[in-house]
Amino acid sequence: MKNTPTQSRRQFLQKAALGGALAGTISLPILANTDKLEFPDNLPEWMRKPGGEFGNYGQPSKHEQNVIRWISANPAAPGNGVSWTPLHDLQGTITPNGLHYERHHNGVPQIDPEQHILLIDGLVEKPIRFDIKSLMRYPMVSKTCFIECGGNSNSGWRSNPIQSQAGYAHGLVSNAEWTGIPLKLLLKEAGIKSTATWVIAEGADAAALNISIPLEKLLDDALLALYQNGERLRPENGYPMRLVLPGWEGILNVKWLRQLRLTDEPIMSRDETSQYTELLPDGTARQFTFINEAKSLITSPSLGMMLPDNPGIYQISGLAWSGRGKITRVEISADGGDNWVDAELQGPVLDKAFTRFSLPWHWQGEYAILQSRATDETGYVQPTREALVENRGKHGFFHYNAIVSWEITEEGDINHVYGF
Amino acid sequence: MSMASKIILSSLLFLITCYSHADSDYQALGKPAADLSQQSQWNLSIAPDGKGLPKGKGIASQGKKLFALKCAACHGPEGIGASADPLMGEVGSLTSDYPEKTVNSYWPYATTLFDYIRRSMPINAPFSLTPDEIYALSAYILSQDAIIAEDFELNEETLPRVTMPNREGFISFYPEN
């Protein structure tokens with residue numbers, strides 16, 4: 001029990017109170033000598049010279065240039081691959097647009113919005129098409145939600161724990177405020193025939209990606225998104241329009257959307273058969289596993305960082321999310337899962353969105369295993385790796401959502417480990 | 001209540017009524033697209049029953065030459081073990097310790113092959129192959145694991161009738177079971 005966070009929180013508070021008492025004993029400074037200029041020597045240059053010019057579009061500080069997406073693409077086809085959100089370098093819950101994860105099947109198309117249309121056809125009363133100018137006149141709503149690739153965290157299936165930073169193993173998930181038109185408005189305008197049950201969505205990229213989506217989801221909370229965190233979509237995130245299906249795996253949130261064809265059965269495209277299906281040990285495969293189950297991850301401290309002070313107080317911080325709704329609880333263990341303590345959830349806790357959790361931790365140099373475990377409003381509890389592998393085997397590749405374990409050595413180094 | 005108040009109140013009620021009427025909240029701006037919907041560039045998806053397949057034909061020997069020319073650089077001369085996804089071999093490997101999800105071992109429908117090659121392959125030139133070429137390539141890939149015979153002609157009629165080895169291997173989780 002020595003290294004459980006409960007005790008640490010109390011110790012943290014006691015230390016803070018002591019610090020306050022000490023501050024009160026410092027005496028007032030004497031008056032400065034005004035005969036000579038003192039400040040130019042003591043103030044930094046940026047306080048003594050006018051700053052830089054205005055900018056048409058702001059960029060991060062040059063001191064933050066290492067906060068980047070990490071790209072993993074096929075050298076023979078550089079447009080086929082992924083880039084990972086550096087979750088370990090970020091705070092709060094909103095992913096900046098330049099750092100939203102990417103999965104492209106054949107590059108980022110540079111679409112001229114004037115030439116792009118959306119066609120809705122198939123089992124409808126009247127096929128209709130929309131251009132961007134028309135769509136801009138429809139009522140829009142905003143939804144803050146995560147989008148997670150079905151293949152996120154897939155290194156977890158490997159036999160040895162990957163020694164990558166948190167975002168570069170688990171950052172095929174990002175969280176943004178998406179603004180656009182509720183899809184049901186557009187589908188109803190076309191007139192949905194009673195036999196329609198599925199919709200084949202198709203993108204206007206050089207993979208013409210096509211995938212089947214249950215009509216029910218599109219009539220529920222799906223958006224035709226035009227804006228991402230307040231600005232028009234980035235090209236790599238679907239400009240000029242994409243699907244956003246809150247809580248459902250990334251592949252279904254079709255970017256560069258050009259067509260929605262209503263049908264009465266799935267099309268059995270490559271990305272719903274060969275890919276995004278999960279092979280089980282008995283040789284069968286799970287198909288149409290659309291929902292991203294509850295998951296959490298400690299982003300700090302995490303691999304690639306170290307604990308500089310021993311003893312020291314560290315703010316454990318991380319992200320939790322669930323495709324089934326709101327996160328209701330995140331627990332933290334410092335002893336490999338024997339004892340758990342509730343973390344603080346940062347509000348507002350939103351449906352199908354990143355929830356930031358935190359807990360102060362007083363580390364006294366002991367060996368520790370830090371873990372987080374999420375529970376969502378349906379009561380679903382994030383599984384251990386052992387339970388997940390027991391259920392699914394090791395060859396499913398997709399939908400890995402197990403608890404992540406960070407080993408803290410007595411020297412303050414951090415490693416990714418299994419077995420807890 | 002004064003007359004002025006009554007007028008203001010009735011105006012407010014009118015506005016509330018007006019703006020809460022669902023059909024008047026926005027203007028339907030979709031343009032008729034029945035003709036567009038018939039055009040081939042808007043009919044790229046091919047269903048398991050073959051709906052959407054264009055006319056054409058091809059056999060494995062034709063496909064073999066095309067494969068060497070257009071596919072082998074990424075998929076490897078044997079269609080497996082290179083930078084791109086594996087295509088051939090490993091039928092029956094799905095229950096082993098080292099399962100390989102090739103087209104022939106894993107894909108449930110042969111129609112998907114035509115659909116995917118046409119829209120995506122070769123990766124540096126999607127939509128560059130003719131229907132005959134795609135039927136021939138599909139015939140070559142399928143014949144390598146004897147799913148069809150070497151001299152079997154694939155066309156818009158025969159392709160949907162090909163039974164893939166893993167046809168029954170998928171369990172739908174929608175609706176959730």
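Met268(A) is buried, with 21 other C-beta atoms within 10 Å. Here, buried means 20 or more other C-beta atoms within 10 Å of a residue's own, exposed means 12 or fewer, and partly exposed is in between, with C-beta atoms placed from the backbone. This is a predicted model, where local features need pLDDT of at least 70, side-chain atom pairs count only at pLDDT 80 or more, and totals for chains, interfaces and linings use all residues. Residues are numbered from 1 along each chain as its sequence is written, while chains are lettered from A and ligands numbered from 1 in the order in which they are written.

Most residues other than glycine have a negative phi, and most peptide bonds are trans. Met268(A) sits in the loop between S13 and helix H8 (270-273) of chain A. Helices (H or I, at least four residues) and strands (E, at least two) are DSSP runs, numbered from the N terminus. Ala146(B) also has a positive phi without being glycine, but Ala146(B) is exposed, with 11 other C-beta atoms within 10 Å. The loop that holds Ala146(B) runs between H7 and S3 of chain B.

Pro348(A) is in the loop between strand S20 (344-345) and strand S21 (355-363) of chain A, and Pro122(B) is in the loop between H6 and H7 of chain B. Here are the angles for these spots:

| Site | Angle | Value |
|---|---|---|
| Ala146(B) | phi | near 55° |
| Gly347(A) to Pro348(A), cis | omega | near -5° |
| Met121(B) to Pro122(B), cis | omega | about -10° |

**Chain B and its helix H7**

Chain B has 7 helices and 4 strands, running α-β-α-β-α-α-α-α-α-β-β from the N terminus. Of its 177 residues, 34% are buried. Taking contacts (C-beta atoms, placed from the backbone, within 7 Å) between residues at least 6 apart in sequence, 59% join residues at least 24 apart in chain B.

H7(B) covers residues 131-143 and reaches 18 Å from its first C-alpha to its last, close to the expected 18 Å; that expectation is 1.5 Å times one less than the number of residues. H7(B) is mostly covered, with 10 of its 13 residues buried, including Ile134(B), Tyr135(B) and Leu142(B). What do those buried residues pack against? In chain B, they meet strand S2 (57-58), helix H3 (60-70), helix H5 (103-106), helix H6 (111-120) and strand S3 (154-155).

**Where the chains meet**

Chain B puts 40 residues into the contact and chain A puts in 45. H6(B) gives the largest share of chain B's side, at 5 residues. That side splits into 25 nonpolar, 10 polar and 5 charged residues, counting Ala, Val, Leu, Ile, Met, Phe, Trp, Tyr, Cys and Pro as nonpolar, Asp, Glu, Lys and Arg as charged, and the others, Gly among them, as polar.

A sheet crosses between the chains, too: 6 strands form an open, mixed sheet in the order S9(A)-S8(A)-S13(A)-S4(A)-S5(A)-S1(B). Its edge strands are S9 (210-214) of chain A and S1 of chain B, each pairing on one side only. Strands pair if DSSP finds at least two bridges between them. S5(A), residues 128-131, and S1(B) are antiparallel over 2 bridges, with Ile128(A) opposite Pro32(B). Within chain A, S8 (residues 198-203) and S13 (residues 257-263) are antiparallel over 6 bridges, and Glu202(A) stands opposite Gln259(A).

Notes: Contact = placed C-beta atoms within 7 Å.
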